[in-house]
Amino acid sequence: MIEFRHSKNQAFYDYWHNLPRTGILPDKSSFKPEAIPSLLSTMLVYELVSHDFIRIRLIGSTVEERFGGHRTGTNYLDVVEEHRKPSASAALWSQVENPCGMHVLLEQELMSGRIASIEAVGLPISNIEGGHPLILFQNNEISRDQDDVSLIDQHQLDDKKNRLLKYVRVFERTFFDLGAGVSEFRD
């Protein structure tokens with residue numbers, strides 16, 4: 001099992017793990033955001049519409065500020081470096097094609113030049129009502145020092161320009177077993 005560096009990521013996994021399910025994954029209908037208010041500001045929900053369009057269905061306020069404003073309904077791939085878009089899409093699709101969790105350490109370069117170090121955890125949910133596959137994510141800023149797991153103080157982000165996202169750069173991605181094995185995807 002993954003050792004999460006940020007306490008919100010562990011809380012998110014614990015919540016997802018305890019949702020009722022009929023198979024390996026909990027269904028979208030069992031996910032109740034109001035049950036986890038402390039996690040909402042750092043949550044993302046992706047809808048996998050196509051390999052070229054990963055719709056941001058829900059974006060928490062902290063993540064939205066880092067992404068540079070209102071992004072609900074937009075394509076997540078628009079904030080991924082051009083040469084990484086096929087790989088980023090394939091990584092997300094692999095999570096629903098072979099249901100597994102994803103743990104990612106990444107950097108988000110902001111327009112100011114500041115680098116935000118992020119620990120993200122993605123967990124798929126089933127969508128028996130039909131429609132496109134969905135993945136829930138927690139996206140939490142961590143210290144760049146790997147021995148210090150504290151959350152970055154939001155007062156360091158007072159300058160609005162310091163919060164505008166330029167692009168996302170993944171430096172470590174690990175898939176973990178939720179009961180169906182792990183994805184073969186590697187980038």
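Select Phe4, Tyr13, Trp16 and Phe176 to begin: ring pairs link these residues into a cluster. Two rings of Phe, Tyr or Trp (its six-membered ring) count as a pair if their centres lie within 6.5 Å; planes under 30 degrees apart are stacked, over 60 edge-to-face, and the rest tilted. The model is predicted, so local features need pLDDT of at least 70 and side-chain atom pairs pLDDT 80 or more, while totals for chains, interfaces and linings use all residues. Residues are numbered from 1 along each chain as its sequence is written, and side-chain values use heavy atoms, without hydrogens and water.

The structure holds 8 aromatic pairs. Among them, Phe4 and Phe176 are edge-to-face, with 6.3 Å centre to centre and 70° between the planes. Phe4 lies in the segment before α1 (7–17) and Phe176 in strand β6 (residues 165–177), so the pair ties together parts that are 172 residues apart in sequence. Phe4 and Phe176 are both buried (under 20% relative accessible area, 1.4 Å probe, protein chains only).

Next, select Arg21 together with Trp16. The charged end of Arg21 sits over the ring of Trp16, 4.6 Å from the ring centre (for Arg, this requires CZ within 6 Å of the centre and within 35 degrees of the ring normal).

Finally, select Lys28, Val45, Arg57, Asn127 and Leu134. Of the 14 residues lining the largest pocket, these are the closest to its centre. A pocket is an open set of points on a 1 Å grid where a 1.4 Å probe fits, with protein on both sides within 12 Å along at least five of seven lines; lining residues have an atom within 4 Å of a point. Strands β1 (43–50), β2 (53–59) and β5 (134–141) each supply at least two lining residues.

Technical notes
Helices (H or I, at least four residues) and strands (E, at least two) are DSSP runs, numbered from the N terminus. Buried means under 20% relative accessible area, exposed over 50%, partly exposed in between (1.4 Å probe, protein chains only).
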